[in-house]
Amino acid sequence: MFLFKNLFPKPLSTQLTVTSNNGFHLRPVAQFASLAKSFSCHITATFKDRTVDTKGVNTLLSLSLERGDTFTLIAKGKKADEALEKLQLLFETLMHDDKEIKQIERTAYRYQGSILEGEIISQGIAIASTYTYHTQEVQHKSTIQFEEALHASVRELDILYTKQKEDENAGIYLAQKELLASLGDTCQTLAEFEQRIEEESKKLLGTKLDSKRSDYQDILQRVKKHLGLEVNVTFPDRPFILLCNDLLPSEIDTLLDTKVAGVILKETSVNSHTAILLRASGICSLVANTQSLVENETIILDTHSGVVVQDPSSDDIQKAKERLEKDTTHKELSAKKRFESATTQKGKHIKVFANVTDINTAKEAKENGAEGIGLLRSEFLFKDVKPSLEKQHKDYKEIFDIFDDITVRTLDVGGDKNLPYIQIDSEDNPFLGIRGVRLFKTHPELLEEQLHAIFLAADNKPIKIMFPMVSSVEEFIQTKSFAQDVAKKYQLDISNLLFGIMIEVPSVLFLLESFNDVVDFYSIGTNDLTQYLFAIERTHSVLKADELSPAVFSAIETILNKATKPVSICGELAGNKDAIPKLLNLGIETLSVAHKCIAQTKEEIRNV
């Protein structure tokens, strides 16, 4: 009997209730399914006589769970009890942290023209001619197969997510990646994949998750592009207000390079991923029935009031222009202030640098008022195909030309960051394995070429080169010697360069007196330092370390007290408004934050 029970264990179950006003939508579902997949036991969810596999994002989404709905989670097999416990804990965390999109308060309006009301996505005002969204699918020659296109698309979304981890909207890319992987696993051809997309999209019709159907179309379009089926979109070379049933989340970036003045969408919601990204981009936008609007019609889009004004009178146009001028003046004043120094109320100047990934984010950082680059994440220049020496040289040179004060982190992959052409043996705990500076031993040719490119691009500029994941003084000395040997090999003068380390590994805290003798600077990577202080992997789906813990600030205080070389912070803590006063009181004088957080961080500093 005992053997029989072990062979056929009794299923375990628990009930979970959706408490978020947004329902159990794509982003939390993706995290939930990702954790479920980490267990070998069979896990299902039952709601209204329907039972689905929780390891599939699309199957879990198909339950269309809304606020107040209660479903039963059932686990059977090895570690079923542990699976239920962790999934329940994650679910409760997701429900608690899921922010409701608050309805934007409308301002009163007085227009003489015909009024069309809608839901506000992003506030602003636009006066322009309408333009209807047109697309054309063009077939290019492609040699890759469906499976390759699928993997390339998953990899692409993974890069986007990792690249924008500090951005609150990064979860959109993680959700799409999990959705794509879930659907793609069951398909062998593009035709099968398209059929699955259509079937699963239909299940969301008329539900609260209806707007998430655009994510299905987005991942389909991404795969098609890798197969040579590219969607071409043309936009007028004049200011325009875009009319469209809906946009795909990935299409928002395309709009940023046009003269779009505003967007009116017919078939979406203010909670859709498209709407979230429109808000983040600052594009004036509205959800409204566009049926009565025609091409090349001059209208007023007033999303402060949530209205479209057709056939506007001269007085209407004048009112809109005055409001537009007011908005523009406010933006210009904010932009101007971004370039002012960040000085505390006691008169101490704090340097605010940017964490960047490429030439585009470097330019944005400059425009947002960054005083330099505190962390150039060079791994994002290494994409699906290994860049040549010439390509690396060009990319570094373009970035180095923007700022005078720049810190480059050498290739930092491993853990949660991987590259397809770097072979690292599978490890049970990759965060404790081959990553960061340890690549100098396992992949010396790759690091030699990177350093060669950095040295060439520096061209007598005092660039700082920073080694990640250093854990001992000997490791730093050996790595710096490696860099010096590269310079000697190619007969390059690097006397203008400084070499330092990221403080991420706790062992460094006990060796600072010795490090002071050999390094030129320090930068505290609080993300990894917190991870290793609490022994909690920072990508763990359930366990979360408290970055505001007294232990973290105590570690930083120890570093500042013992270090005799310049110290900065480049982790996410540097941009945390609750942490900034504490960091400045400890004596930090340089913060490096996400390029979008420069103005906000400077304002926080001015209030300390």
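Predicted model: local features only at pLDDT ≥ 70, side-chain atom pairs only at ≥ 80, totals over all residues.
**Entry 1: α2 and α4**

I began with helix α2, residues 26-36, and helix α4, residues 80-97. Their axes lie 10 Å apart, and I noted a packing angle of about 165 degrees. Because angles over 145 degrees count as roughly antiparallel, α2 is roughly antiparallel to α4. I recorded the crossing of the two helices as right-handed. On the α2 side I listed P28, Q31, F32, L35 and A36 as contact residues, and on the α4 side K86, L87, L90, F91 and L94. Sorted by class, this contact holds eight nonpolar residues, one polar and one charged.

**Entry 2: α15 and α16**

I turned next to helix α15 (residues 444-458) and helix α16 (residues 473-489). I found an angle of about 65 degrees between them, with axes 10 Å apart. The crossing of α15 and α16 is right-handed. From α15, the residues P444, L447, E448, L451, H452 and F455 meet F482, A483, V486, A487 and K489 of α16. I counted eight nonpolar, one polar and two charged residues in this contact.

**Entry 3: α6**

I then checked the length of helix α6, residues 171-184. Its 14 residues should span 20 Å at 1.5 Å a residue, and the end C-alpha atoms are 20 Å apart, so the two values agree. I also looked up burial: 12 of the 14 residues of α6 are buried, so the helix is largely enclosed by the rest of the structure. Among the buried residues I noted I172, Y173, L174 and L179, as well as K177 and E178. The buried set also includes S182, L183 and G184.

Notes. Residues numbered from 1 in each chain as written. Heavy atoms only, no water. Axes fitted to C-alpha atoms, helices over the stretch in contact; angles between N-to-C directions. Helix = DSSP H or I, 4+ residues; strand = E, 2+ residues; numbered from the N terminus. Parallel < 35°, antiparallel > 145°, perpendicular 65-115°, else oblique. Left-handed = near helix turned anticlockwise from the far one by under 90°. Contact = heavy atoms within 4.5 Å. Nonpolar A, V, L, I, M, F, W, Y, C, P; charged D, E, K, R; others polar. Expected span 1.5 Å × (residues − 1). Buried < 20%, exposed > 50% of the residue type's maximum accessible area, 1.4 Å probe, protein only.
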